[in-house]
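Visitor: Could you walk me through this model and its ligand? I'm new to this.
Guide: Here it is.
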Amino acid sequence: MAVTRTFSIIKPDATRRNLTGAVTKMLEDAGLRVVASKRIQMTKEQAEGFYAVHKERPFFGELVDFMISGPVVVQVLEGEDAVKRNRDVMGATNPADAADGTIRKAFAESIEANSVHGSDSDENARIEIDFFFDEDEIVG
Ligand code: CMP
């Protein structure tokens, strides 16, 4: 299986509760390696741009407000089949549907405050990584 990259965000509900390390440990235990990481305060423009695909959805405004409500940790993760591996350990978007042993089951507060974001395809991973990182910030 090929080693690939995916993009992850540890969301404001998790940074607020000091869960950056706990979430990262679950990612690492799932076979993912953090090859880039930075804690940032997203601007409204960044959040709107990042989630532009959702701009017609009824929850878009609240999602943007939530994502700028505190710091986030943006990360590039590397591993075998990284997109799927990350989505498996994140669990379902809605924590009520998330399986035992997943990050969202362990930590998410709601469908909005769901602790982590992860790319849904290799193509989107490339786009999302490029949105936040220069290539020289990624050290495998
Ligand atoms: P994420 O993987 O970051 O992608 C879009 C986000 O929108 C999603 O996680 C949720 O946190 C958030 N969201 C808020 N409400 C909904 C909803 N009703 N359905 C799907 N996603 C939602």
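Visitor: Which residues are around the ligand?
Guide: They are Lys-11, Tyr-51, His-54, Phe-59, Leu-63, Thr-93, Arg-104, Ile-111, Glu-112, Asn-114 and His-117, where near means that a heavy atom of the residue lies within 4 Å of the molecule. The model is predicted, with local features needing pLDDT of at least 70, side-chain atom pairs pLDDT 80 or more, and totals for chains, interfaces and linings using all residues. Residues are numbered from 1 along each chain as its sequence is written, and side-chain values use heavy atoms, leaving out hydrogens and water.
Visitor: Which side-chain atom is 2.6 Å from a ligand oxygen?
Guide: An N or O atom of Tyr-51. That is a polar contact, a pair of N or O atoms within 3.5 Å. For Ile-111, a backbone N or O atom is 2.9 Å from an oxygen of the ligand.
Visitor: And Asn-114?
Guide: One of its polar side-chain atoms is 3.3 Å from a ligand oxygen.
Visitor: How much of the ligand does the protein bury?
Guide: The protein buries 79% of the 460 Å² that the ligand exposes when taken alone, by the Shrake-Rupley method with a 1.4 Å probe.
Visitor: Switching topic, what does UniProt say?
Guide: An unreviewed UniProt entry gives "binding site" at Lys-11, Phe-59, Arg-87, Thr-93, Arg-104 and Asn-114; such annotations may be inferred rather than shown by experiment.
Visitor: Where does Thr-93 lie?
Guide: Thr-93 is in the loop between helix H5 (82-90) and helix H6 (103-107); helices are DSSP runs (H or I) of at least four residues, numbered from the N terminus.

Terms used
Polar contact = N/O pair within 3.5 Å; in protein donor to acceptor, adjacent residues only side chain to side chain. Helix = DSSP H or I, 4+ residues; strand = E, 2+ residues; numbered from the N terminus.
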